[in-house]
Amino acid sequence: MRKFREAIIEKTILLNGFACILFVILIFIFLAKDGLALFKTISIQDFLFGQIWSPLAEPPQFGILPLFLGSLFVTIGAAVISVPLGLACAIFIGEIAPRWMRETLKAGVELLAAIPSIVIGFIGMAMLGPIVKNLFHLPTGLTAVTGSIALAFMAIPTMVSIMEDAITSVPRTYKEGSLALGATHWQTIYRVIIPAASSGIVAAIMLGIGRVIGETMAVMMLTGNASVMPQTILAPVRTLTATIAAEMGETVRGSEHYYSLFAIGLVLFGITFLINFLADMARHRKKK
Amino acid sequence: MVELSPVKIAVEDLNIRYDDVWALKDVNFSVKDKEILGVIGPANSGKTSFLRALNRLNDLDLACKMKGSILLNGKDINREMDAEEVRKKVTMVFALPIPLPMSIFDNVAYGPRRHGVKDKKKLEEIVEKSLKASFLWEEVKDRLSSSGMKLSGGQQQRLCIARTLAVEPEVILYDEPCSGLDPISTAKVEEAMRELKSRYTQILVTNNVKQAARVGDRVAFFLMGELVEIDEAQKLFTAPRDKRTNDYLTGRFG
Amino acid sequence: MKLRPQTKQKIAFTLLGVAATIVIVPVIVIFVILIQKGLPAISWKFLTEMPRMGMRAGGIFPAIMGTLCLVACAISVALPLGVLTAIYLVEYAKKNWWTRIIEIAIVNLAGVPSVVYGLFGLGLFVIFFHFGTSILAGALTLAIMELPVIITSSKEALMSVPRSFREASLALGVSKWETIRCVVLPNALPGILTGSILGVSRTAGETAPILFTVAAFYLPRLPQSIFDQCMALPYHLYVLSTQVPNVKPALQYGTALVLVGMVFSLNLVAIIVRAHIRSKKQW
């Protein structure tokens with residue numbers, strides 16, 4: 001009797017193990033179900049490369065290029081800010097800070113990660129927007145660069161923790177060997193430690209960027225919501241994520257607009273799937 | 001003088017390999033009921049693989065493949081019994097004592113509880129009996145609820161012995177049980193083994209040749225995966241039949 | 001001007017320290033702003049009353065309740081699911097293809113954008129399962145979102161239990177599952193707990209997944225069952241700051257402060273539990 005009960009428990013555990021695969025497949029199916037329905041009436045080309053996103057116009061236009069570029073600008077901007085800052089912070093925490101400072105800094109970074117994106121969006125709107133507006137003499141402070149700055153700070157905790165991990169897992173012998181040859185600590189860091197930790201650092205960057213691409217609320221509140229082709233990063237833009245969040249409330253279930261939002265979701269899913277897959281490969285390669 | 005002792009464990013054509021490395025080759029012999037069998041040999045001779053095959057702990061290692069059979073009381077432990085049955089009858093004491101992170105009482109009662117004993121009185125009886133048999137009772141009887149991890153190395157090892165006795169096995173395997181212990185604790189463990197002889201069959205793998213001589217009825221010498229010689233302890237140590245045994249005992253290699 | 005290596009190092013290290021400061025400063029600034037501008041709004045009434053005048057006055061009680069409810073329901077699904085998956089991966093899974101695929105799946109679930117989870121929740125729970133916009137749909141969506149965090153921390157917790165414990169138990173004839181239940185799990189529990197608290201603190205702050213699956217702008221009463229909609233703190237903040245005109249800033253900051261307070265205290269509890277485990281470790 002007990003054997004029977006245990007067999008059942010072990011079967012349940014086995015099934016659970018595969019639950020995550022099931023969920024990923026389900027997500028894909030439900031996105032595709034309504035997303036691909038769009039392509040009955042709109043061509044994939046027009047969708048992916050069309051330069052006008054105007055679902056409420058007559059006739060409605062569903063080109064996501066402006067949205068894609070919006071996401072791209074914001075992401076690149078965030079990467080430009082967060083990668084150097086994140087790497088510098090990780091090096092500082094991992095190699096330079098004294099023991100007591102290290103724990104405090106790590107806690108601080110964790111707290112930064114804990115702030116909900118809606119709060120960052122809210123504070124950004126109230127504080128960061130006016131700063132950007134005045135600094136660059138713009139008609140509005142809600143632009144791509146505003147979003148980039150806020151998003152950079154949201155990506156940094158992820159990057160810092162993985163990079164710091166990678167840096168501290170470099171074998172001590174590498175470091176000691178370099179110092180024994182007369183190199184300074186700093187020279188050791190950028191000639192030996194960073195290259196040795198490179199695949200972890202690359203993985204961290206990719207995961208951080210993945211987070212940025214997927215961010216919704218903060219971008220929605222900070223980038224201005226102009227779904228036109230962006231000219232510079234100082235202009236308002238609209239990202240793929242913000243479009244879904246902002247427009248879903250207005251659509252009718254089963255309409256083209258509705259399907260188009262799911263199609264955007266599918267695109268996002270594909271992009272983040274790719275990035276995460278590559279980042280995981282990078283991490284796995286390092287472990288070997 | 002021929003003593004006809006019943007055979008407790010029969011090992012037939014045992015071959016064990018890990019991936020491509022052969023750890024044991026064509027081992028054939030039997031372990032007599034209620035004897036203490038010492039198993040000696042240098043490192044990598046296959047002693048530990050052999051021991052772990054006896055209670056099917058090798059099952060945990062996915063790289064390990066086995067050929068041949070091991071019979072306990074006439075039944076094949078791999079084909080006719082399942083692993084839990086085997087391990088209840090053939091228990092093991094490890095080289096490093098592994099007290100579980102719980103009280104002394106709970107450590108000893110762990111096995112019986114998992115096997116269904118729920119009655120508090122019965123458990124208390126079992127715990128007392130087992131701790132007495134491993135010569136630990138006097139030292140811990142007043143602090144059964146304190147953590148098992150707070151005991152000294154020697155005490156922890158006797159706790160582990162008590163733990164295995166609590167499940168009422170038929171065979172006890174020892175994998176270099178005194179390797180981390182001081183001479184006094186070692187003596188106490190050996191004393192316990194002698195006391196247990198009347199009720200259990202015991203197999204002791206040890207790197208300490210003198211210990212095998214002190215405690216064993218018969219001793220088996222393994223070298224590079226082969227069983228070179230097995231004989232009564234006295235005979236093996238004074239007049240070994242195989243040159244290799246002699247070389248090992250005289251320290252030609254270690 | 002060629003600089004000596006030691007000077008270069010001094011410059012480099014200073015810059016690095018500046019970078020670390022830049023990273024930490026926003027945390028302090030945000031905290032200070034929230035307290036400064038939000039504290040005036042916080043009062044017992046604020047926390048326990050229903051909103052009035054189209055959100056412009058009164059309290060945020062239903063939003064707090066809604067968040068607590070969603071978070072509790074989500075973790076009650078995600079925890080067993082996550083722990084069992086972790087047990088499979090650590091104790092049973094063999095190093096083969098399938099296991100690799102599972103791990104990739106987990107990494108991907110962690111990376112899916114929150115708004116895409118919202119779409120997924122809409123398509124599967126709200127529409128396909130006919131749950132409608134409800135606490136049930138929202139909680140289930142949040143649960144799947146939480147899963148990777150729970151699985152990862154549970155895995156770590158399980159792996160931190162020494163292998164020798166398992167061997168000692170098995171060598172007594174105890175079955176694998178009983179060994180897991182009686183030796184591994186109890187000792188992994190604190191780590192699992194820390195992971196759950198962190199998962200909970202993340203779901204408490206999420207807005208996008210609940211946008212289409214459960215959130216309501218204003219409900220006259222508290223939800224009666226899991227098939228009802230509910231309000232939630234993050235959504236409430238969003239609405240107060242972008243959709244409702246003429247809201248007193250104190251109200252917005254106050255809501256933000258309550259949300260951040262909730263999230264921070266959960267994180268703090270997790271950090272304390274983690275430190276406590278490390279000090280009490282018997283092995």
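This is a predicted model: local features need pLDDT of at least 70, side-chain atom pairs count only at pLDDT 80 or more; totals for chains, interfaces and linings use all residues.
Biologist: Let's start with the chains. How do you know that chain A and chain B do not touch?

Modeller: Two residues are in contact if their C-beta atoms lie within 7 Å. For chain A and chain B, the nearest C-alpha atoms are 10 Å apart, and the two chains do not touch. Two pairs of chains do touch, and the most contacts are between chains A and C.

Biologist: How many residues does each chain bring to the contact of chain C with chain A?

Modeller: Chain C brings 66 residues and chain A brings 67. On the chain C side, helix α1 (residues 5-38) gives the most, with 18 residues. By type, that side of chain C divides into 49 nonpolar, 16 polar and one charged.

Biologist: And what makes up the contact of chain C with chain B?

Modeller: That one takes 17 residues from chain C and 20 residues from chain B. On the chain C side, α7 (163-170) and α8 (176-204) each supply at least two residues. The chain C side divides into nine nonpolar, five polar and three charged.

Biologist: Tell me about chain C on its own. What is its secondary structure?

Modeller: Chain C has eleven helices and two strands. Along the sequence the pattern reads α-α-β-β-α-α-α-α-α-α-α-α-α. The C-alpha trace spans about 70 × 70 × 35 Å along its principal axes, and 52% of the 283 residues of chain C count as buried.

Biologist: Over to chain B. What makes β2 and β5 of chain B edge strands?

Modeller: The open sheet has the order β2-β1-β4-β5, with antiparallel pairing. β2 (21-32) and β5 (75-76) of chain B each pair on one side only, and that makes them the edge strands. Within this sheet, eight bridges join β1 (residues 7-18) to β4 (residues 64-72) of chain B. One of the residue pairs is I9(B) with L72(B) in β4(B).

Biologist: Why is strand β3 of chain B called mostly covered?

Modeller: A residue is buried if 20 or more other C-beta atoms lie within 10 Å of its own. Five of the five residues of β3 (residues 36-40) are buried, and the strand is mostly covered. I36(B), G38(B) and I40(B) point one way, L37(B) and V39(B) the other way.

Biologist: What does β3(B) pair with, and how do you know that β3(B) and β8 of chain B are paired?

Modeller: Two strands pair if there are at least two bridges between them. Four bridges join β3(B) to β8 (residues 201-205), running parallel. β3(B) is also joined to β9 (residues 218-223) by four bridges, again parallel. V39(B) stands opposite V205(B) in β8(B) and opposite A220(B) in β9(B). L37(B) faces R218(B) in β9(B).

Biologist: How do you know that both faces of β9(B) are covered?

Modeller: R218(B), A220(B) and F222(B) lie on one side, V219(B), F221(B) and L223(B) on the other, and all are buried. Beyond its pairing with β3(B), β9(B) is joined by six bridges to β10 (residues 226-232) of chain B, antiparallel. L223(B) stands opposite E226(B) in β10(B). The β9(B)–β10(B) hairpin has two residues between the strands, and M224(B) there takes a positive phi near 50 degrees.

Key
Residues are numbered from 1 along each chain as its sequence is written. Chains are lettered from A and ligands numbered from 1 in the order in which they are written. Ala, Val, Leu, Ile, Met, Phe, Trp, Tyr, Cys and Pro count as nonpolar, Asp, Glu, Lys and Arg as charged, and the others, Gly among them, as polar. A residue is buried if 20 or more other C-beta atoms lie within 10 Å of its own, exposed if 12 or fewer, and partly exposed in between; C-beta atoms are placed from the backbone.
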